[in-house]
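Thanks, everyone, for making the time.

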Amino acid sequence: MTQIFRMEIPVPFPVETVNVFLVKGETLTLIDTGTNTDDAWNALVQQMGRIGHHPREIENVVITHHHADHCGLLDRLPRDIPVIGHPWNEPWVTQSPELLKSYQQFFAELGAQMGIPEAFMRKGPSLTRTLAYSCRRSLTHSVREGDHIDALPGFTVLETPGHASTHIALYREEDGLFIGGDVLLRHISSNPLLEPPCHGETERAKPLLQYNDTLRRLGDMPVLRVLAGHGPDVTEVRPLVQERLHKQEQRAQKVWHMLREHPMTAFEVCRELFPALYQKQLALTLSETVGQLDVLQYNQQVSIDTSGPHWVYHTR
Ligand SMILES: [Zn+2]
């Protein structure tokens, strides 16, 4: 009989902790890891110790996505074990120089398009700051939609992009259990984050559109419990999905009304939408803003004037 233990690991990010899951069946498998920090390592040692284990006994690791709080501690786990995740994690978990270059280039171009003032651009994107807590290690196995993982019998891999392009969840149909990473969190909404186009694509993904699709899919599944990447389990899945989708719709309409007053750049929208936050958390708030603009554009409620130095959004 498989047992699943939730361990809450401290991380040096505003969310403060991340949940990792130790699955004890025929083998010992860790799902997500915590950051590459001493505090995270000590917490993992201590919490595994309570159930009579040590991280050196871990036989497989699965990561739900490439963010440092979910994969950073990979660096300190046994070297010879399978590391499993979506194939697109690879440039992030190895911190490939090409990725860093394309990331910087992408944000420079995006910054100009979105009308971000020079002073903000000089601070640079926050990626390099979070990568300091991440790992440099390769996947050994990659999984895609519908795949099964030997170490996790009964679970199916689902691709759940939006919060990250690399995001997967693990679903056990037999009892409706969904190991969800950051797909659905009870107390905070999960941010769709902008990423550079990867894997041969030339255009960026539209993370909020992807995330809404992921949420709708989850809402249509007979999921009884979500083991979440942050905070408590979610058992009222459908109502929470509806609430998140509703909030998103309201925010998109708020942006539409702002643009009806007068056309704006994405940066101007961001400043008006998050007056207290945008300076401190530009990457996050801009991702959210661009997400809403993507949704409005997709729904043909706004169009973009790309003739000037900055893109200007206006209602249609
Ligand atoms: Zn994340």
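Before the metal site, a definition: donors are N, O and S atoms within 2.8 Å of the metal, or 3.2 Å for Na, K and Ca, and since water is not among the atoms, sites may look incomplete. What we are looking at is a predicted model, in which local features need pLDDT of at least 70 and side-chain atom pairs count only at pLDDT 80 or more, while totals for chains, interfaces and linings use all residues. Residues are numbered from 1 along each chain as its sequence is written, and side-chain values use heavy atoms, with hydrogens and water left out.

With that in place, the spacing of the zinc donor residues along the sequence reads H-x1-H-x95-H-x18-D. In terms of atoms, the protein donors are NE2 of H65, ND1 of H67, NE2 of H163 and OD of D182, and they lie 2.1 to 2.6 Å from the zinc ion.

Which angles occur among the four donor atoms? They run from 81 to 172°, and the site is irregular. For reference, the ideal angle for four tetrahedral donors is 109.5 degrees.

As for accessibility, I call a residue buried under 20% relative accessible area, exposed over 50%, and partly exposed in between, using a 1.4 Å probe and protein chains only. By that criterion H67 is buried at 14%, and D182 is buried as well, at 4%.

Let me turn to the charged pairs. The structure holds eleven salt bridges, where a salt bridge is a side-chain nitrogen of Lys or Arg within 4 Å of a carboxyl oxygen of Asp or Glu.

One of them joins E159 and R144, with 2.5 Å from N to O. E159 belongs to strand β7 (residues 155–159) and R144 to the loop between β6 (141–142) and β7, 15 residues apart. Both ends are partly exposed, E159 at 22% and R144 at 36%.

In another, D294 pairs with R204, their closest N and O atoms being 2.8 Å apart. Because D294 lies in helix α10 (residues 282–298) and R204 in the loop between β9 and α7, this pair ties together parts that are 90 residues apart in sequence. Here D294 is buried at 2%, and R204 counts as buried at 17%.

R251 is in helix α8 (residues 237–261), and the two are 37 residues apart. R251 is partly exposed at 32%, whereas E288 is buried at 10%.

Now the helix packing. Axes here are lines fitted to C-alpha atoms, for helices over the stretch in contact, and angles run from 0 to 180 degrees between N-to-C directions. Helix α9 (residues 266–273) packs against α10 at an angle of about 110°, with the axes 9 Å apart. That makes the two roughly perpendicular, a label for 65 to 115 degrees, with under 35 being roughly parallel, over 145 roughly antiparallel and the rest oblique.

How do α7 and α8 compare with those cut-offs? Their axes come within 9 Å and cross at roughly 155°, and they are therefore roughly antiparallel to each other.

I will finish with the backbone. Most residues other than glycine have a negative phi. D32, however, has a positive phi of about 65°; D32 is in the loop between β3 (28–31) and α1 (38–49) and is buried at 3%. Q95 also has a positive phi, of about 55°, lies in the loop between α3 (90–93) and α4 (97–114), and is buried at 8%.

Notes: Tetrahedral: all angles 85-135°; square planar, octahedral: opposite > 155°, others 65-115°. Helix = DSSP H or I, 4+ residues; strand = E, 2+ residues; numbered from the N terminus.
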